[in-house]
Amino acid sequence: MDFDSDFTLTINGREIRTEREMDVINPATGLAFARAPLAQQAELDAAVTAAQAAFPAWKALGWDGRRALLLAAAKALEPHAAALAQLFVREQGRPLAMARGEIDLGIHWIKAVARQTLADETVEDSPARTVYVRHEPLGVVAGIVPWNFPFLLAIWKIAPALISGNTMVLKPSPFTPLCTLKLAEIWRDILPAGVFNVINGENDLGPMMTAHPGFAKISFTGSTATGKRVMEAAALDLKRVTLELGGNDAAIVLPDVDVKAVARKLFFGAFYNSAQVCIATKRLYVHDAIYDAMRDELAELVRANTVGDGSAPGVMFGPVQNKPQYDRVQALIAGARAQGLTIIEGPAPIGAAGYFIPLTLVDNPPEEAAVVQEEAFGPVLPLLRYTDMDDVITRANASEYGLAGAVWTSDVALGIEIANRLETGTVWINDNLQNGPHIPFAGAKQSGLGVENGLDGLREFTWRRTVFAPKPA
Ligand code: NAD
């Protein structure tokens, strides 16, 4: 299989070429390196029709039949993992080892979710009757995915949608379509035709999907602003939605931590994937007693890490993935400079042409600064000083977002107490960026609606039939 060129849509198990195509840019060079097909209404309609036609037989296969095919699909990716990782670096920008990490994790995730089952739930078993709930697949699901974890976040949708008996039309981000197009190509001979379709398009394709009457559900990951548009469009015919949206995650560091050891973990929790992680630490609250020491440790780490082309050996942090995001993050940093805030930045990037931004700290900006209030989604991290625990919890919670948060302390019982006061869907104590196929992931407040992962995530791809069955007299 050619991973350098020849990217096609997959509709009804077949390759589809389109008249119109788009350039795919390597963010480390700013240059186009591949062409991707562009679906329009006709391709979307064909994909939905194929998925609708495939639905009854896929549903009838049952959990075990679908499980066998999904496990085969996961296995079929394994020989291509290295090539997919190489392609991932070129379209997404992340260094090779970490790109490979996402591919391997994605394959693991499919296998783990494929082993899940939603059994009937008996909710009453009395002398007069049994009442049970059965979960039925919804039909055709639309998956809409962002560019920061393009492979894994697609799989977070594909695996639960398919194992629970739905068929799917998936749209990757137009910034990172290539690995997803190849994934579908690899599966053409493994999954029954029409069960899994991938279409790529420009900005108009997402709204076309949310308006399409053939979808029973939209599973969306992306920004809060787009999520609201998805929900609005889905309301027209009451499509089900799961929305995994933005975040501005706070981490609170107590004065009892080992500064040096924790600094390293905080650094990677904030800057992994050049900080383009929905659950990255985006506001770092450090107790006054250790603030200076922690800032100095983090500054040392920032200065020791040069941003560069992810395909170059030794590079740990790649470019920002696309030009609009690069401009946004640069504007936030420029705004902080214009405010006279103290900026600590890493070395000049290797390779000037790409969308490179040195890892950047902002030293104790005011709470109302844009760099604190907005989701940066790029390598700029505000460090914020606090003295009072109630005050810092109030500041952490003073956000329209509620995705994840973290507490760092050597007193785990106290950490749990604080965790229970944070208004976020996930809280880690002395950790970050953790999740798993068996662990429900859900944003609070405007960070989302519904759940991904775990059995709760699986249930979101089903409707419930509650059956009242009388016992024999
Ligand atoms: P985005 O909202 O711009 O785009 C996401 C996807 O939606 C893309 O595929 C895009 O083409 C599509 N889209 C755009 N407009 C649409 C519309 N009107 N209707 C339907 N689809 C549309 O987000 P992005 O810039 O790709 O990703 C970054 C954002 O995603 C950040 O806010 C980040 O926090 C969030 N994110 C959240 C999670 C999570 O699990 N909560 C995970 C990763 C990223």
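This is a predicted model: local features need pLDDT of at least 70, side-chain atom pairs count only at pLDDT 80 or more; totals for chains, interfaces and linings use all residues.
**Backbone with positive phi**

- Lys 445 is found in strand β20, which covers residues 444-445, and its phi is near 45°, a positive value in a residue other than glycine.
- Leu 238 also has a positive phi without being glycine, with a value near 55°, and this residue sits in the loop between α8 (224-235) and β11.
- Leu 238 counts as exposed because its relative accessibility is 60%, and exposed residues are those over 50%.

**Domains and the annotated span**

- According to UniProt, in an unreviewed entry, the feature "domain: Aldehyde dehydrogenase" is placed at residues 19-467.
- Between the end C-alpha atoms of residues 19-467 the separation is 50 Å, and this span is 40% helix and 21% strand.

**Nonpolar cores**

- The largest nonpolar core has 121 residues, and those with the most contacts inside it are Ile 158, Trp 187, Phe 196, Ile 199, Phe 271 and Met 294.
- Helix α5 (residues 152-163) provides the largest share of this core, with 10 residues.
- Because domain 1 (9-245 + 447-468) and domain 2 (250-437) both give residues to this core, it lies between them.
- Phe 271, when residues up to four places away in sequence are not counted, touches a set of residues including Val 302, Phe 317, Leu 359, Leu 361 and Pro 379.
- A second, separate core of 28 residues includes Leu 254, Leu 341, Ile 418 and Leu 422.

- Glu 244 counts as buried because its relative accessibility is 3%, where buried means under 20%.
- Leaving aside neighbours within four places in sequence, Glu 244 is in contact with several residues, among them Phe 220, Thr 221, Gly 222, Leu 403, Phe 441, Ser 447 and Glu 452.
- Glu 297 lies in helix α10 (residues 288-303), and with a relative accessible area of 18% this residue is also buried.
- Apart from residues up to four places away in sequence, Glu 297 touches Val 259, Lys 260 and Ala 263.

**Around the ligand**

- There are 28 residues around the ligand, and of these Val 145, Lys 171, Thr 226, Leu 245 and Glu 375 come nearest.
- Lys 171 has an N or O atom in its side chain that is 2.7 Å from an oxygen atom of the ligand.
- Thr 226 has a polar side-chain atom that lies 2.7 Å from an oxygen atom of the ligand.
- Trp 147 likewise places a polar side-chain atom 2.9 Å from an oxygen atom of the ligand.

Key:
Residues are numbered from 1 along each chain as its sequence is written. Side-chain values use heavy atoms; hydrogens and water are left out. A nonpolar core is a set of buried Ala, Val, Leu, Ile, Met, Phe, Trp, Tyr and Cys residues joined through side-chain atoms within 4.5 Å. Buried means under 20% relative accessible area, exposed over 50%, partly exposed in between (1.4 Å probe, protein chains only). Helices (H or I, at least four residues) and strands (E, at least two) are DSSP runs, numbered from the N terminus. Domain bounds come from an automatic or database domain assignment. Contact means heavy atoms within 4.5 Å. UniProt positions are given in the numbering used here, feature names are shortened, and annotations may be inferred rather than shown by experiment. A residue is near a molecule or strand if one of its heavy atoms lies within 4 Å of it. A polar contact is a pair of N or O atoms within 3.5 Å; within protein, one must be able to donate a hydrogen and the other to accept it, and residues adjacent in sequence count only if both atoms are side-chain atoms.
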